[in-house]
Amino acid sequence: MGADARPSGVCAGGGRGAAGSRTSSWALWPSIPLLSFLFLLLLATPSAWAAGYQTCPKVEPDMLNVHLVAHTHDDVGWLKTVDQYFYGIQNDVQHAGVQYILDSVISSLLAEPTRRFIYVEIAFFSRWWRQQTNATQEIVRDLVRQGRLEFANGGWVMNDEAATHYGAIIDQMTLGLRFLEDTFGSDGRPRVAWHIDPFGHSREQASLFAQMGFDGFFFGRLDYQDKSARKEKMEMEQVWRASASLKPPTADLFTSVLPNIYNPPDGLCWDTLCADRPFVEDPLSPEYNAKDLVHYFLKLATAQGQQYRTNHTVMTMGSDFQYENANMWFKNLDKLIQLVNAQQQANGSRVNVLYSTPACYLWQLNKANLTWSLKEDDFFPYADGPHMFWTGYFSSRPALKRYERLSYNFLQVCNQLEALVGPAANVGPYGSGDSAPLNEAMAVLQHHDAVSGTSRQHVANDYARQLAEGWGPCEVLLSNALARLSGSKEDFTFCRKLNISVCPLTQTSESFQVTIYNPLGRKVDWMVRLPVSKHVFLVRDPSGTVVPSDVVMIPSSDSQDLLFSASVPALGFSIYSVTQVPGQSPQAHIHHPRSQKPWSRVLVIQNEYIRARFDPDSGLLMELENLDQNLRLPVRQAFYWYNASTGNSLSSQVSGAYIFRPNRQEPLLVSHWAQTHLVKTALVQEVHQNFSAWCSQVVRLYPGQRHLELEWTVGPIPVGDGWGKEVISRFDTVLETDGLFYTDSNGREILERRRDYRLTWKLNQTEPVAGNYYPVNSRIYITDGNVQLTVLTDRSQGGSSLSDGSLELMVHRRLLKDDARGVGEPLLEEGSGLWVRGRHLVLLDKARTAAAGHRLQAEKEVLAPQVVLARGGGAPYRLEVAPRTQFSGLRRELPPSVHLLTLARWGPETLLLRLEHQFAVGEDSGRNLSSPVTLDLTAPHPILLLPGWSPPPSRYSPWKSAPSWPQSNGKRTARPGGGKIPPEPEPAPPGAGQTLPLLLLLLLLPPRKAIKMPLPRIDSGPGVTECGFFFFILKAVEFMTQKGQQTLADP
């Protein structure tokens, strides 16, 4: 997104309001020996690599040192597509050509040895790199080795922080940083996170950065009130304690707010996209301005330095897609440095200017050995002015947000089968399969203008195209893998439109088989739902036993679905066969339509755990009951819409892709009542609610389900009346919540939210609705301390609790005005994005045990089973091996607390495994799921069953830990330590179990050199929690290949 659409505006190359980007950095492996299996269990003490600091420039200890950071911010799609930006196409829309930027920068760096430059977006850099000659590549490697070309962040993209799931963040960071590791070795490893354009900053993002080993975090966008308060208190830099559960300093990260978002100071932009005057140092020229510019710069630097605590300050010299003519920038920066530094001798100036990088600036701050304030919440929501809250993008383009989440699910299935089967998954009877295209497409979708929904329409379409093209090679891979594992070469079919009950194979075939693959580390029971013809069907499980099934007629349509419950083993599949019963038709289970008849009896649906009651007058949900826990809560759920503001006397700000601003606080009901149809069978109970021509919902219960499912359909939202509309689903209860509600952070930890309140600064609330909206990646809940109502989402949405006992989520928005943040078109949504279907899962629990329900159910939603269809009767894969109808890649299930986050192929004979303890400290007192878990990942009984591979004993070698920055926050104080590095922990003996404490995440990172920076240690004061999430490195549980010793038929 552009950086120059701010109210004060600079003539730079982009377009959004106050600039900011998101970024993640992932440390990567060094060269890896040929192993069939390698586990790295990351010991969660942030470590840092210091070799690159040796290349930092010399500073003047008794002067104000101004670190000039030459950079370009290259959006991986926004106003133009990724390819249009790279090649410089459609420059009439936005002048930007990334390939020319990199060409020009390299040439300019070679012209003057003191010049430095940082680059961020590896999606672009890797493409440019592949087009270079060997000679150019060697030149670039040398620049990186010298520290003159430095990578910051290192992810494939600078990811969004509101609408992204932490698993997808980790994946895109891994992709980018692995490229840097493979290309430049340790020289290319970023040392700082650089998120200058994302529109608010999540605590989980900072936690991941800290645990990845970054030494610092720089960002640009900060709420205007927060920034003003920080300048006054000189707290533009502090330590962010980014986890309430991880023991400090595991998730502590030094964080710096850039002074000018990511733009150059006003009047000092020397790019072809700018209009500022260049340096003219010839006093005889009528255009001479050098003296005035030097005077202006000295005044500017002095003023900026007074807002920061050390004798160092940073200036970002660049912006969106700048440096296409890098010589223009560098020539003027050369003159600035020369002329300003000349004032030291001429006039006794105490300002020293130098080319620098964020890492080198951080290095100097660290050497100052100061004590820093502490931050423990996040930076949401973000506003760049009164009435200007960037909370609309939490929900913008909901169809794309869902497609991204589905693609994450499918990518993990693709990765797992590629890992389990090996080369036979990549090349087999169905052709060449590959996970890489979908992996790259998913990485692109994490960009802060992609999944956020803040690009132009044609760019959003291109993002969807990239995902669709990535699915194809993965479908081939799945076909190869399933044929290999099942022993049968079937004509596999993937029905991508099951959410709208469309699948030609099942709707036309008299018989077919259903393969259900489960990507979780535990067995799941999953209700399979497939569109079929009007017949009765017989369903058999993998053993040939007939299982209960039913054909359910869908009200208001001429279609019907086959339902049956499938049991699928951990990390494996089950194959069910479906056969049509001749001469029989399904029985109708639809009750007559019901409307607002006062004499009608109450509608009820229930199973053994949940009962839901509906108002007979309105047809709306009115009560939810947890039968297992004897809880009953009046709950009214309905759809409303906010009339989007088009500006008023208080502000001209309108609602748009970024901004949410309703024209009034109270939303309007879509309808006061719903026409209802009741469907009841042995396998499902449903209430179909029709609110209007563009809004409907199915409230559903399956047997054994501990949540109520609400499947809503919204769209096309009518705007013919001239009103943009922002549609919400709202739940109203009698819970006394005292202004508090809770949302997840990127799908992981939970944060407490308080209405009209900010933890670290006094809020002047100008928008009571939009100013209380927060990103909801997977769940939101309210509680009175005893009872908890939780709603799980199937994509990222905006949500809030605007009154006690109430909870709302924005499901769709369609707007008629552009919000003046650079996109230049209204969020009208076209094509498939007009009509959106999604699900909310509602859980009612006792507060002390609620985490078990929402944690485990959210895990099932993010990594849902994958259904693959075939007609059956395929040829044997190998004549000598009997087909199998069930398979599990695990010898034993993982405990409920442990989540299998990643299983992927890393190299020809190397796999990547990430495990995660998914409960926070003290979250579940009922089943004790927050307790540490010990896993034995070693021989002779490894968890993973990999046909053809057998493991030797393991070796364990944790990273050396690194000290952190001293902090203070009110009564919490910290004293500088000696900066000594703690000793390396003793290796665990071979075969020892690995303990996963709370919310552990198993991450693949390289062993990094212990930091050589003289960092003081944290000395935590009273009140600081010292338990929580933990990360480990399990390095070298190495399973050597034993080729040809086993077959897939072997146990």
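## Sheets, hairpins and a helix pair

Strand 2 (residues 64–70) and strand 10 pair in parallel over 5 bridges. Two strands count as paired if DSSP finds at least two bridges between them. Helices (H or I, at least four residues) and strands (E, at least two) are DSSP runs, numbered from the N terminus. The model is predicted: local features need pLDDT of at least 70, side-chain atom pairs count only at pLDDT 80 or more, and totals for chains, interfaces and linings use all residues. Residues are numbered from 1 along each chain as its sequence is written, and side-chain values use heavy atoms, with hydrogens and water left out.

The open sheet has 3 strands in the order 9-2-10, with parallel pairing. Strand 9 (312–317) and strand 10 (351–355) are at the edges, each with a single partner strand, so one side of each has no neighbour in the sheet. The twist averages 25° from one strand to the next. Axes here are lines fitted to C-alpha atoms, for helices over the stretch in contact, and angles run from 0 to 180 degrees between N-to-C directions.

**Helices on that sheet.** Helix 9 packs on the sheet and touches strand 2, strand 9 and strand 10. The direction of helix 9 makes about 155° with that of strand 10. Helix 10 (residues 358–367) also packs on the sheet, touching strand 2 and strand 9. The direction of helix 10 makes about 170° with that of strand 9. Contact means heavy atoms within 4.5 Å.

**The helix pair.** Helix 8 (residues 290–305) packs against helix 9 (residues 326–347) at an angle of about 75°, with the axes 10 Å apart. The two helices, helix 8 and helix 9, are therefore roughly perpendicular, a label for angles of 65 to 115 degrees. Ala290, Val294, Phe297 and Leu298 in helix 8 meet Leu336, Leu339, Val340 and Gln343 in helix 9. By class, this contact has 7 nonpolar, 1 polar and no charged residues.

A 3-strand open sheet runs in the order 16-20-19, with antiparallel pairing. Its edge strands are strand 16 (524–532) and strand 19 (549–553), each pairing on one side only. Neighbouring strands are turned by 30° against each other on average, direction ignored. Trp526 stands opposite Ala566 in strand 20.

What share of the residues of strand 24 is buried? The count is 5 of the 6 residues in strand 24 (residues 621–626), so the strand is largely enclosed by the rest of the structure. Buried means under 20% relative accessible area, exposed over 50%, and partly exposed in between (1.4 Å probe, protein chains only). Asn626 of strand 24 is the bridge partner of Ile610. Asn626 also has Leu631 in strand 25 as a bridge partner. The hairpin of strand 23 and strand 24 has 6 residues between the strands, and Gly619 in the turn has a positive phi of about 80°. In the hairpin of strand 24 and strand 25, 4 residues lie between the strands, and Asn630 takes a positive phi near 55°.

Antiparallel strand pairs:

| Strand | Partner | Bridges |
|---|---|---|
| Strand 16 | Strand 20 (residues 560–568) | 9 bridges |
| Strand 23 (residues 610–614) | Strand 24 | 5 bridges |
| Strand 24 | Strand 25 (residues 631–643) | 5 bridges |

**A buried histidine.** His195 lies in strand 5 (residues 192–195). At 0% relative accessibility, His195 counts as buried. A polar contact of 2.5 Å joins its side chain to that of Glu161.

Definitions and conventions
Polar contact = N/O pair within 3.5 Å; in protein donor to acceptor, adjacent residues only side chain to side chain. Parallel < 35°, antiparallel > 145°, perpendicular 65-115°, else oblique. Nonpolar A, V, L, I, M, F, W, Y, C, P; charged D, E, K, R; others polar.
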